[in-house]
Amino acid sequence: SFFDITERKKIEQQIVKQEQQYHSLVENTPDVISRWNKDLKLIYANGAAEVKTGIPRESLYGKTSSEMGQPDELAFPWMEKLKTVFETGQPTIAYQVFPTPDGPHHFFARMVPERNERGEVKTVLAIARDITELKKAEDELIALKDELARKATDKYQTLFNSIDEGFCILEKVDGDGPLDFRFIEVNPAFATHSGLKEVIGKTLREVSPGIS
């Protein structure tokens, strides 16, 4: 009996230690961690949730996203995702732009089912990461690519238009009729040398009906 009590105490101490470690991890992570019940109502949120929203978490407990006063375009998709996890028992992901005290933030969330001893989905745990800085860097990269592409296009257009010889770019016209091509680009010198004007979008046969 003495051995059994000692071992039980060790197990209880280990459980308490693990719970303390889990609580410390959850409360100190920058990710927003929340737990939701089958009524799609919040039953837990970590400290990061308060930091990101600026709202005391206790005031949100027992409420759905909609009941928290979130806009429909945010609340309803989030609630649908939660509902899907409860119904399918499968994890899912969600992307959301959420208003915070320092402006809109982008969040990428993973939702996972938490099951009871019978294997039924009892709650859903959502872990949301703030990817605002990543999204900002992505947008800046896209803007840089667009700017480089625009500059390259401008250089090409300048060169194409400055050539003294007449140049044109044509594309083949698909169809069952005779072989034909459509003008998609010509430089100024083309009209000067050929005498053909306003040919963009027209085919060779439309510009020169007598062509064989």
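Contact, in this talk, means heavy atoms within 4.5 Å. Keep that in mind for what follows. The structure above is a predicted model.

Let's start with helix 3. Helix 3 covers residues 72–88, which is 17 residues. From its first C-alpha to its last, helix 3 reaches 24 Å, close to the 24 Å expected at 1.5 Å a residue.

Which residues of helix 3 are buried? They are Leu74, Ala75, Trp78, Met79, Leu82, Val85 and Phe86. These residues lie on the same side of helix 3, because they cover an arc of only 115 degrees around the axis. Here is the general rule behind that. An α-helix has 3.6 residues a turn, so residues three or four places apart point the same way.

Now turn to the other face of helix 3. The face turned away from the buried side carries Glu73 and Glu87, and both are exposed.

What do the buried residues of helix 3 pack against? The partners are four strands: strand 1 (32–36), strand 3 (92–100), strand 4 (103–115) and strand 5 (121–130). After helix 3 comes Gly89. The phi of Gly89 is positive, near 75 degrees.

Next, the core. In soluble globular proteins, nonpolar side chains tend to be buried together. Here, the largest nonpolar core has 25 residues. Seven residues touch the most other members: Val32, Trp36, Leu42, Trp78, Leu82, Met111 and Val124.

Leave aside its neighbours within four places in sequence. Val124 is then in contact with Ser34, Arg35, Trp36, Leu82, Val85, Phe86, Met111, Val112 and Glu114.

On to the largest pocket. Its volume is about 450 Å³. The lining of the largest pocket has 25 residues. Nearest the centre are Val32, Thr53, Gln70, Gln96 and Phe98. Strand 1, strand 2, helix 2, strand 3, strand 4 and strand 5 give two or more residues to this lining. Strand 3 gives the most to the lining, with 4 residues.

Stay on strand 3 for a moment. Pro99 is found there. Is Pro99 buried, exposed or partly exposed? Pro99 is partly exposed, with a relative accessible area of 46%. Beyond its neighbours within four places in sequence, Pro99 is in contact with Leu74 and Pro104. Pro99 and Gln70 are 29 residues apart in sequence, and 9.2 Å apart in space, C-alpha to C-alpha.

Last, two backbone angles. Leu40 has a phi near 65 degrees, a positive value in a residue other than glycine. Leu40 sits in the loop between strand 1 and strand 2. Leu40 counts as buried because its relative accessibility is 14%, and buried means under 20%.

Glu198 also has a positive phi, near 50 degrees, and Glu198 is a residue other than glycine. Where does Glu198 lie? Glu198 lies in the loop between helix 5 (188–194) and helix 6 (204–207). Glu198 is exposed, with a relative accessible area of 70%.

Definitions and conventions. Residues are numbered from 1 along each chain as its sequence is written. This is a predicted model: local features need pLDDT of at least 70, side-chain atom pairs count only at pLDDT 80 or more; totals for chains, interfaces and linings use all residues. Side-chain values use heavy atoms; hydrogens and water are left out. The expected span of a helix is 1.5 Å times one less than its number of residues. Buried means under 20% relative accessible area, exposed over 50%, partly exposed in between (1.4 Å probe, protein chains only). The arc is that of the directions from the helix axis to the C-beta atoms. A nonpolar core is a set of buried Ala, Val, Leu, Ile, Met, Phe, Trp, Tyr and Cys residues joined through side-chain atoms within 4.5 Å. On a 1 Å grid over the protein atoms alone, a cavity is a set of points where a 1.4 Å probe fits but cannot get out, and a pocket is an open set with protein on both sides within 12 Å along at least five of seven lines; lining residues have an atom within 4 Å of a point. Grid points are joined across faces, edges and corners, and a volume is the space filled by probe spheres set on the points.
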